[in-house]
Amino acid sequence: MADLNSYRNIGIFAHVDAGKTTTTERILKLTGKIHKIGEVHDGAATTDFMDQEQERGITIQSAATSCEWNDHRLNIIDTPGHVDFTIEVYRSLKVLDGGVGVFCGSGGVEPQSETNWRYANDSEVARIIFVNKLDRLGADFYRVVKQVEDVLGANPLVMTLPVGTEDDFVGVVDLLTRKAWIWDDSGDPTKYEVTEPPADMSDLIEEHRERLIETALEQDDDLLEMYLEGEEPALDDIKRCVRKGTIALDFFPTYCGSAFKNKGIQLVLDAVVDYLPNPTEVKPQPEIDLEGNETGEVATVDPAGPLRSLAFKIMDDRFGALTFTRIYSGKLSKGDTVLNTFTGKTERIGRIVEMHADDRIELDSAEAGDIVALVGLKNVQTGHTLADAKNPATLEPMVFPDPVISVAIKPKDQAASEKMGIAIGKMVKEDPSFYVETDEESGETIIKGMGELHLDIKVDILRRTHMVDVEVGKPQVAYRETITKMIEDSYTHKKQTGGSGQFGKIDYIVEPGETGSGFQFESKVTGGNVPREFWPAIEKGFRTCMDEGVLAGFPLLDVKITLMDGAFHAVDSSAVAFEIAARGAYRQTIPQAAPQLMEPIMKVDVFVPEDHVGDVIGDLNRRRGMIKSQEPTATGVRVKADVPLSDMFGYIGDLRTMTSGRGQFSMEFEHYMPCPKNVAEEVIKEVNERRAAK
């Protein structure tokens with residue numbers, strides 16, 4: 001049986017272009033998993049195996065791989081950094097026990113780093129920090145550490161200091177041993193020597209070492225007391241305290257180096273083994289019953305326990321669907337029959353494979369603590385729990401954000417139509433943030449996602465991987481509607497045709513709800529004028545109408561409906577009659593409640609060279625942007641703004657033109673805001689024209 005103490009399930013996450021994939025490549029080289037290093041910019045990285053990843057030099061889907069270091073088994077997931085693919089980071093963090101947050105030495109804490117850090121906090125994942133690219137122009141390790149404190153509100157525990165800066169960066173000082181690791185210029189990660197650090201760094205080393213030891217020993221009062229009395233604790237005791245504090249999320253051991261130049265990675269690997277938790281040291285996943293209520297039980301990591309495993313990613317490849325699964329408890333063997341608690345159906349485990357990017361190693365079984373891929377499961381989707389059929393339970397399911405952008409696509413010819421249906425079915429299974437629906441009136445296929453790049457890549461995958469040529473329409477923004485006025489109203493539904501009739505009368509108040517509250521329903525009926533058994537039908541009638549607002553058919557947000565009174569008929573009243581009454585009430589009252597169009601506002605973060613700041617700010621203002629801040633960095637300025645999504649289409653092209661190709665930006669959904677009158681009128685007119693054309 002595997003020794004779970006020697007397992008580390010870790011993810012590598014960061015902002016786009018901070019060097020995650022390069023760091024993963026170096027780890028694989030050092031652990032002997034690969035012999036030739038592939039570079040991201042050459043399109044040859046091991047974990048970037050999709051065509052689209054190799055061309056664009058970015059990671060799109062998280063890749064899983066395993067390797068060994070110091071007699072420990074590392075299951076590593078390299079996640080994407082681009083904001084449109086955050087969902088990949090989120091679902092990977094859900095199943096990992098520890099993480100390595102990579103930050104760029106010159107870029108520092110970038111917007112996507114903040115989002116990923118927030119996800120990791122939500123999932124309570126212990127992390128170590130690696131400040132990468134210290135050989136870059138403008139790189140400053142101490143500035144990045146300060147940003148981690150200020151921007152992320154985290155407590156970085158500095159474990160190594162850089163020797164030299166920018167082009168002169170040659171190695172790092174390990175504060176615990178006071179030794180310098182200096183690499184030569186050959187680029188070989190194994191060509192280094194451990195020597196005394198430069199004399200001019202001694203004060204800096206002592207200052208940081210003292211801070212490190214004091215912070216670590218706060219985990220153990222006895223050791224701290226001895227230290228304050230002048231007794232130096234043993235190295236193993238300090239390490240034990242660092243491990244305890246890291247797992248408790250009290251601080252984050254912080255390392256530095258340059259993955260591209262092969263400097264500093266060994267110490268990060270040592271830290272993964274020394275300080276990140278094994279599967280048994282992580283808070284167990286809570287179990288919920290089939291109705292979605294917490295049972296109070298947890299999935300304890302134990303190979304002898306009942307099977308509890310979570311499917312966290314579906315990937316389609318040439319051999320069929322691969323279901324990436326984290327096993328929390330129990331054992332899984334080839335030929336087993338397991339229960340999918342979401343669908344209530346059983347699935348037979350055909351093949352179990354261990355993944356190394358897109359290569360696989362066949363396994364006969366896997367057990368608690370393992371991350372494996374299962375081949376050929378039929379109806380399993382991301383977030384589903386696979387459990388012991390005789391002892392079922394569900395693990396907490398994942399929650400995915402709503403899409404903010406959609407485009408219409410249609411196949412070039414009839415032959416492509418069938419292929420497109422099958423291909424899109426596979427793609428939806430793989431990516432829960434990718435939605436597809438058919439417009440019933442026009443018969444068009446609408447695909448929805450998290451941003452322009454997200455949908456671009458999906459269309460690209462359709463064309464190249466699935467050989468389906470499609471025509472793509474103009475991007476459409478996911479607007480919403482809300483109301484701004486309180487209305488008290490009454491509605492009676494009465495229908496009499498031979499036999500028993502239908503009758504339901506409701507008196508109600510419709511009012512704007514709190515921002516972000518969605519749809520709320522409350523009943524204040526007393527005295528039985530509307531019997532309690534009809535309240536759910538009234539709520540259902542109103543709720544089903546919320547999907548289509550009265551201005552332009554967009555979903556209605558933040559509305560509170562209070563049922564005050566009404567009347568019923570002993571024979572003619574029924575749940576159906578009251579549901580129809582609620583729908584009629586919606587159509588009657590919402591248009592009177594001053595409905596308003598809401599548009600998605602995006603949090604935009606633009607990096608721009610100093611001499612182009614004025615142009616970029618002027619352009620964002622023209623796009624109705626609200627400038628929030630400007631922060632000078634070593635190599636330019638970061639401009640943060642809130643900008644309506646509808647004005648951000650094609651922005652990357654304009655930004656490159658303005659900044660001679662040097663500008664970069666990222667954006668993510670922030671909130672909904674009321675649309676200005678002229679914009680709202682334009683949108684409503686466009687929607688009505690589209691409807692008329694159909």
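The following exercises, each with a worked solution, concern a predicted model of one protein chain.

Residues are numbered from 1 along the chain as its sequence is written. Local features need pLDDT of at least 70 and side-chain atom pairs count only at pLDDT 80 or more, whereas totals for chains, interfaces and linings use all residues, and side-chain values use heavy atoms, with hydrogens and water left out.

**Exercise 1. Confidence**

Task: State the mean pLDDT of the protein chain, and identify where confidence is lowest and where it is highest.

Solution. Step 1: pLDDT is the predictor's confidence in each residue, from 0 to 100. Its mean over the protein chain is 79, with 84% of the residues at 70 or more.
Step 2: Helices (H or I, at least four residues) and strands (E, at least two) are DSSP runs numbered from the N terminus. Confidence is lowest in helix H2 (residues 51–56), with a mean of 41, and highest in strand E11 (residues 252–256), at 92.
Step 3: Residues 34–62 have pLDDT below 50, and this stretch has 94 contacts in the model beyond near neighbours in sequence; a contact means heavy atoms within 4.5 Å. Where pLDDT is low, the predicted coordinates should not be read in detail.

**Exercise 2. The chain as a whole**

Task: Describe the protein chain by its secondary structure, its burial and the sequence range of its contacts.

Solution. Step 1: The protein chain holds 16 helices and 38 strands.
Step 2: Of its 694 residues, 54% are buried (buried means under 20% relative accessible area, exposed over 50%, partly exposed in between, with a 1.4 Å probe and protein chains only).
Step 3: Taking contacts between residues at least 6 apart in sequence, 71% join residues at least 24 apart.

**Exercise 3. Two helix pairs**

Task: Characterise the packing of H10 against H11 and of H12 against H13.

Solution. Step 1: Two packed helices are described by the angle between their axes and the distance between the axes. Axes are lines fitted to C-alpha atoms, for helices over the stretch in contact, and angles run from 0 to 180 degrees between N-to-C directions.
Step 2: The axes of helix H10 (residues 414–430) and helix H11 (residues 452–464) come within 11 Å and cross at roughly 130°. H10 and H11 are therefore oblique to each other (under 35 degrees counts as roughly parallel, over 145 as roughly antiparallel, 65 to 115 as roughly perpendicular and the rest as oblique). Met420, Ala423, Ile424 and Met427 of H10 make the contact with Lys458, Ile461 and Leu462 of H11.
Step 3: For helix H12 (residues 535–545) and helix H13 (residues 575–589), the axes come within 7 Å and cross at roughly 40°, which makes H12 oblique to H13. Among the residues that meet are Ala537, Ile538 and Phe542 in H12 and Phe578, Ala582 and Tyr586 in H13.

**Exercise 4. Individual residues**

Task: Determine the surroundings of Val687 and the backbone phi of Arg178 and Arg624.

Solution. Step 1: Val687 is found in helix H16 (residues 677–693) and is buried, with a relative accessible area of 7%.
Step 2: Leaving aside neighbours within four places in sequence, Val687 is in contact with Ala552 and Phe554. Val687 and Phe554 are 133 residues apart along the chain, and their C-alpha atoms are separated by 10.0 Å.
Step 3: Arg178, in the loop between strand E8 (171–174) and strand E9 (179–183), has a positive phi of about 60° although it is not a glycine. Arg178 is partly exposed, at a relative accessible area of 32%.
Step 4: Arg624 has a positive phi near 65° and lies in the loop between helix H14 (613–622) and strand E36 (626–633). Arg624 is partly exposed, with a relative accessible area of 29%.
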